[in-house]
Amino acid sequence: NRLLEIKDVYAKTEEKEILKGLNLTVNKGEVHVIMGSNGAGKSTLANAIMGHPRYKVTSGEILFEEENIIDIKTDERARKGIFLSFQTPEEVPGITVEGLLRSARMSITGKPIKLRSFRTELKEKLELLQFDESYAARYLNVGFSGGEKKKNEIIQMMLLNPKLVVLDETDSGLDVDAVKIVSNGINQFKNEENAVIIITHNSKMLEYLRPDYVHILLDGKIVKTGDASLAKEVIDNGFADFKDIVRS
Ligand code: ADP
Ligand code: MG
Ligand code: MG
């Protein structure tokens, strides 16, 4: 039931090396949390998994369902079942929420879906994330609050039903109620056949999600792995204790 295996990955943007020998294994059914100081490489890890062209993996392997995906393009990775939510989602004028989600779904599955049945599904998800039905017809993210953009991404995740989800700082811009709504959405999505990697430092979100593993990412590597108690340690004391691991 191995889903993702990252083996000794080095990655850079432009000229700067950011990931420096990162290892991570994720099995189906698991929730993994990544924590780490600003600039440690968390978003770079997320983008390396998704194959963002600005992030170049210079050595190591990323195995998804036992296949090395290093040379596979982003859209193909999405079709294989990998989903990345963005730290700062973009506004897309001219494309409605419903239009984008439906075409994304058809492109991922390669199958047409009738507007009426898609609409029913979307309506259900909008309700779950406590969006008014009228959001379906709005232009994607245009005039959305930070929280609404994030909730919209959770809807997108649910409708695409990926095997592996990477959520990058999904809590940022969310008020306390929205943290709960989004966490519920993630918990509802989660099953024994998929896995979630979430970058977060939000203690409420950690409480709701009950991660199986918590990883500390510093200076481009995972320096420590533990259970939920490790997250509490970080929230209480910061990263100082782990920085010694990096230096030694
Ligand atoms: P984190 O998400 O942990 O805060 P990032 O992975 O975003 O960290 O960034 C790691 C380092 O790489 C930072 O020093 C950041 O400034 C740099 N970096 C990230 N993306 C780019 C980019 N597109 N071009 C140049 N430098 C980048
Ligand atoms: Mg950051
Ligand atoms: Mg980041």
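Two strands count as paired if DSSP finds at least two bridges between them; the strands (E, at least two residues) and helices (H or I, at least four) are DSSP runs, numbered from the N terminus.

**Before starting.** I'm working with a predicted model, where local features need pLDDT of at least 70, side-chain atom pairs count only at pLDDT 80 or more, and totals for chains, interfaces and linings use all residues. Residues are numbered from 1 along each chain as its sequence is written, while chains are lettered from A and ligands numbered from 1 in the order in which they are written.

**Neighbours of β10.** I looked up strand β3 (residues 31-35) and found it parallel to β10, over four bridges. V31 has V196 as its bridge partner in β10. Strand β9 (residues 164-168) also runs parallel to β10, with five bridges, and D168 sits opposite I199. Between β9 and β10 the chain passes through helix α6 (residues 176-189), a right-handed β-α-β crossover (with the strands pointing away from the viewer, the path from the first strand over the helix to the second runs clockwise).

**Is β10 buried or exposed?** I checked residues 195-199, and five of five are buried (20 or more other C-beta atoms within 10 Å of the residue's own; exposed is 12 or fewer, partly exposed in between; C-beta atoms are placed from the backbone). A195, I197 and I199 cover one side, V196 and I198 the other, and all are buried.

**Whole chain.** I noted nine helices and 12 strands in the protein chain. Of its 248 residues, 38% count as buried. The C-alpha atoms fill a box of roughly 60 × 40 × 35 Å along the principal axes.
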